[in-house]
Amino acid sequence: MLFSGTGKRRRPSKATRVVALVGVTGAAVAAPLMAAGTASAATSSEWDRVAQCESGGNWSINTGNGYYGGLQFSASTWAAYGGTAYAPTANQASKSQQIAVAEKVLAGQGKGAWPSCGVGLSSASYDGGAAEAAAPQQSAPKRSAEQPATRSEQRQAPKPRTQAAPQAAAKKTVTTPTGKKVKKGDGEYKVAAGDTLSKIATAQGVDGGWAELFELNKDVVENADLIYPGQQLHLK
């Protein structure tokens with residue numbers, strides 16, 4: 001049986017319209033939620049600037065200095081913040097993977113992990129997002145003074161002061177009765193009060209006598225007639 005083509009079209013039911021509306025608005029709501037889940041501590045352009053400062057923007061660099069990738073991670077920092085889930089060292093990981101680990105370092109250690117190059121980084125906290133799902137969760141390790149997190153932190157580390165140098169210098173000289181400091185030397189014979197080169201050469205059996213003894217110690221004894229208690233002379 002044929003029906004006329006002029007019949008009225010049925011309007012969609014109220015329930016159908018509600019479902020369609022929810023479908024549309026649901027898509028609109030989903031987009032910002034997804035974006036929020038991938039929020040990062042710093043923008044990609046900020047990390048690009050850090051990489052440019054650290055490594056000339058070379059994300060796969062390995063110069064053999066113990067720091068790797070565009071952001072110059074130490075191997076221990078890369079491993080501690082879950083980087084080995086991507087690659088053994090940072091230079092073998094992609095740019096996005098290096099940034100994901102860098103966000104964790106920034107959250108755990110702050111901009112000080114890149115003291116020379118990280119001054120422009122945003123101060124927002126690390127969100128986690130997709131990178132957290134891909135890498136194993138680990139508690140942020142404490143920094144060690146012996147192992148800087150990045151290359152620029154190593155460059156900024158103050159050099160330890162040493163008091164050994166003045167003491168070493170003092171041990172290399174002898175003070176004469178007049179207060180003058182002369183070279184001490186490092187020979188096997190220590191000059192005693194009343195010694196002369198001739199006396200020492202005779203007593204110690206130096207071949208060539210005092211002249212040979214003087215020649216052996218010309219770097220310490222400036223005048224063959226002047227030697228001082230405490231100086232140490234070579235006998236051969």
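A residue is called buried when its relative accessible area is under 20%, exposed when that area is over 50%, and partly exposed in between, using a 1.4 Å probe and protein chains only. By that scale Asp 48, at 31% relative accessibility, counts as partly exposed. This is a predicted model, in which local features need pLDDT of at least 70 and side-chain atom pairs count only at pLDDT 80 or more, while totals for chains, interfaces and linings use all residues. Residues are numbered from 1 along each chain as its sequence is written, and side-chain values use heavy atoms, with hydrogens and water left out.

**The salt bridge**

- One salt bridge is counted, under the rule that a side-chain nitrogen of Lys or Arg lies within 4 Å of a carboxyl oxygen of Asp or Glu.
- The partners are Asp 48 and Lys 95, whose side chains meet at 2.8 Å from N to O.
- This pair links distant parts of the chain, with Asp 48 in helix H2 (residues 44-55) and Lys 95 in helix H4, 47 residues apart; helices are DSSP runs of H or I with at least four residues, strands are runs of E with at least two, and both are numbered from the N terminus.
- Lys 95 counts as partly exposed because its relative accessibility is 31%.

**The disulfide**

- The structure holds one disulfide, a term that requires a pair of cysteine sulfur atoms within 2.5 Å.
- Cys 53 and Cys 117 form this link, with their sulfur atoms 2.0 Å apart, and the angle of -60° about the S-S bond makes it left-handed.
- Distant parts of the chain are again linked, as Cys 53 belongs to helix H2 and Cys 117 to the loop between H4 and helix H5 (129-134), 64 residues apart.
- Cys 53 is partly exposed at 41% relative accessibility, whereas Cys 117 is buried at 8%.

**Surroundings of Thr 89**

- Thr 89 is found in the loop between helix H3 (75-80) and helix H4 (95-109), and it counts as buried because its relative accessibility is 14%.
- Not counting residues up to four places away in sequence, Thr 89 touches Tyr 68 and Trp 78, where contact means heavy atoms within 4.5 Å.

**Surroundings of Thr 173**

- Thr 173 is found in strand S3 (residues 173-175) and is partly exposed, at 29% relative accessibility.
- Leaving aside neighbours within four places in sequence, Thr 173 is in contact with Lys 181, Val 182 and Lys 184.
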